[in-house]
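Subject: Structure for your review

Dear colleague,

Please find below the structure I am handing over to you. I would be grateful if you could read it alongside the notes that come after it.

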Amino acid sequence: MNSYPPLKALVAFDAAMRTNSFSIAANELHVTPGAIGQQIQKLEEWLGVLLFSRQIRQVKPTTDGLAYWQQIQPALAQIHNASRLLKSSRSQGVWISMPPSFAAKWFTRRMADFLTRHPAVELHFNSSTATIDFEREPLDLAIRHFDGNDPRLESTLLYQSEARVYCSPAYAARLSLKNPDDLLRATLLHTTLQPHWQEWLQHFSGIDSARAMKLPGIHFDQGLMAIEAAKQGQGIVMTSPLLVEEEMASGTLIEPFGLGLMLATGYYIVHPRKTPLRPPAEACKRWLVELSSHSAK
């Protein structure tokens, strides 16, 4: 018998264990769920051990399967990372991920400046609200909105978060919004990125928690949608000043009270501590830090 297990089967087994699903593993590897099952069966035959227990419409890893995966998974991740790094070592591309709102409202308006300064670099970016797993995704950099604390990552602060409130001029005029207590007449637009209305009201208004809980509100999982709703006069949104620069400049949004609450979170540029950045990625990071330092002045 070959001293090495079938490597293609190991990849299928790892994907099924990570995703806890043959179907999701199949999508990840661009094969059918049946092909995943066949590869795992081949590995089971080679090992002489059942890795999954099969039931009607359900498969579960066995104790042996879990123990085996815990032993081989670090090695598979190491092979993946080493292969990716070698493949991309001479590439002039930079792969970067960031939240959708930051990408649409801040980054895309500035990325031409980076490409002008570094014309040989190919910039590849995607937007996602999910926390990036650098061990699994071929990324050089990510911009994350968090507190900056992750021992696995080198984190450099770009912008400290600030909770400020914005609405359309017509909405402010219609509700006669002169001071924060006037928000008793308003509809609050909530976002998952800045769920700080209670804290803001407690800090700047005389509206207590009980009354704040009764204020009309609309909840959004995307900041872009909340900002658009505010532009359409649907309420007053709490967001970062970074994300409404264009609206403030054009006058489609105003800041009726001029009051900001500093937060413990911020936008950080991050990358793995253990992996040195390639020159194009290092150049991109320096550019982002330079932009943020100029904005802070």
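Predicted model: local features only at pLDDT ≥ 70, side-chain atom pairs only at ≥ 80, totals over all residues.

Residues are numbered from 1 along each chain as its sequence is written, and side-chain values use heavy atoms, with hydrogens and water left out.

Overall form

The secondary structure comprises twelve helices and ten strands (DSSP runs numbered from the N terminus: helices are H or I with at least four residues, strands E with at least two). The radius of gyration of the chain is 25 Å, whereas a compact globule of 297 residues would have one near 19 Å (taken over C-alpha atoms; the globule rule is 2.2 Å times the number of residues to the power 0.38). Along the principal axes, the C-alpha trace spans about 80 × 50 × 30 Å.

Of the 297 residues, 45% count as buried (under 20% relative accessible area; exposed is over 50% and partly exposed lies in between, with a 1.4 Å probe and protein chains only). Helix H5, residues 100-107, is mostly covered, with seven of its eight residues buried; among them are Phe-102, Trp-106 and Phe-107.

Salt bridges

The whole structure contains 18 salt bridges (a side-chain nitrogen of Lys or Arg within 4 Å of a carboxyl oxygen of Asp or Glu).

Within helix H1 (residues 7-19), Asp-14 and Arg-18 lie four residues apart, about one turn of the helix, and their side chains form a salt bridge at 3.1 Å, N to O. Asp-14 is buried at 4% relative accessible area, while Arg-18 is partly exposed at 30%. Arg-18 also pairs with Glu-28, their closest N and O atoms being 2.4 Å apart. Because Glu-28 lies in helix H2 (residues 22-29) and Arg-18 in H1, this pair ties together parts that are ten residues apart in sequence. Glu-28 is partly exposed, at 37%.

A further salt bridge joins Arg-109 and Glu-245, with closest N and O atoms 3.5 Å apart. The pair links distant parts of the chain, 136 residues apart: Arg-109 is in the loop between H5 and helix H6 (111-117), and Glu-245 is in helix H11 (residues 245-250). Both partners are partly exposed, Arg-109 at 43% and Glu-245 at 28%. Separately, salt bridges with shared partners connect Lys-105, Glu-228, Lys-231 and Glu-247 in one network.

With kind regards
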